[in-house]
Amino acid sequence: MKLVPLGERVVLKRAEAEETTASGIIISGQAKEKPAQATVIAVGPGKVIDGKSTMTVKEGDVVIFSKYAGSEVKLGDEEYIVVNLNDILAIVE
């Protein structure tokens with residue numbers, strides 16, 4: 001099975017949380033903050049305005065998104081986040 005987003009929605013796979021700090025301190029599981037950086041797994045068709053799609057991201061892009069955005073979805077062993085295009089703040093290049 002795979003997720004196919006509708007409209008202006010995007011499926012993201014969150015980046016792994018850091019295990020240690022820059023100074024080498026190990027972070028426990030409960031203290032880890034979920035990163036707001038993710039990889040785009042799938043994109044919806046978006047809206048078409050004047051013959052152009054409104055989707056500005058594509059599969060494989062690494063993006064920064066709003067911390068509390070989207071809906072978490074578990075499919076098999078994998079966890080994904082489905083967000084609206086407006087919740088994506090930047091593309092990491």
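The model is predicted.

**Overall make-up**

The protein has 93 residues, of which 24% are buried. Its secondary structure consists of 8 strands and 0 helices, and reading along the sequence gives the pattern β-β-β-β-β-β-β-β. If we take the contacts between residues at least 6 apart in sequence, 60% of them join residues at least 24 apart.

An open sheet is built from 6 strands in the order 6-7-1-2-5-8, and the pairing is antiparallel. Strand 6 and strand 8 (88-92) are the edge strands, each pairing on one side only. On average, and with direction ignored, neighbouring strands of this sheet are turned by 45 degrees against each other. Strand 6 and strand 7 run antiparallel and are joined by 5 bridges. Lys74 has Glu79 in strand 7 as its bridge partner.

**The nonpolar core**

In soluble globular proteins, nonpolar side chains tend to be buried together. Here the largest nonpolar core has 13 residues. Val10, Leu12, Val57, Val83 and Ile88 are the residues with the most contacts inside this core. Strand 1, strand 2 (37-43), strand 5 and strand 7 each give two or more residues to the core.

Leu12 shows what such contacts look like. Leaving aside residues up to four places away in sequence, Leu12 touches Ala38, Thr39, Val40, Ile41, Val63, Phe65, Tyr80, Ile81 and Val83.

**The salt bridges**

Side chains of opposite charge can pair when their charged atoms come close. The count for this model comes to 3 salt bridges.

| Glu78 | Lys13 | 2.6 Å |

Which parts of the chain does the salt bridge between Glu78 and Lys13 tie together? Glu78 lies in strand 7 (residues 78-84) and Lys13 in strand 1 (residues 9-14), so this pair ties together parts that are 65 residues apart in sequence.

Where in the chain does Asp61 lie? Asp61 is found in the loop between strand 4 (52-53) and strand 5 (62-65).

Are the two partners buried or exposed? Asp61 has a relative accessible area of 11%, which means that Asp61 counts as buried, since this value is under 20%. Lys58, at 53%, is exposed, because the value is over 50%. Apart from residues up to four places away in sequence, Asp61 touches Ala38, Thr39, Val40 and Ile91. Ala38, Thr39 and Val40 are among the residues that Leu12 touches.

Notes. Residues are numbered from 1 along each chain as its sequence is written. This is a predicted model: local features need pLDDT of at least 70, side-chain atom pairs count only at pLDDT 80 or more; totals for chains, interfaces and linings use all residues. Side-chain values use heavy atoms; hydrogens and water are left out. A salt bridge is a side-chain nitrogen of Lys or Arg within 4 Å of a carboxyl oxygen of Asp or Glu. Helices (H or I, at least four residues) and strands (E, at least two) are DSSP runs, numbered from the N terminus. Buried means under 20% relative accessible area, exposed over 50%, partly exposed in between (1.4 Å probe, protein chains only). Two strands pair if DSSP finds at least two bridges between them. Axes are lines fitted to C-alpha atoms, for helices over the stretch in contact, and angles run from 0 to 180 degrees between N-to-C directions. Contact means heavy atoms within 4.5 Å. A nonpolar core is a set of buried Ala, Val, Leu, Ile, Met, Phe, Trp, Tyr and Cys residues joined through side-chain atoms within 4.5 Å.
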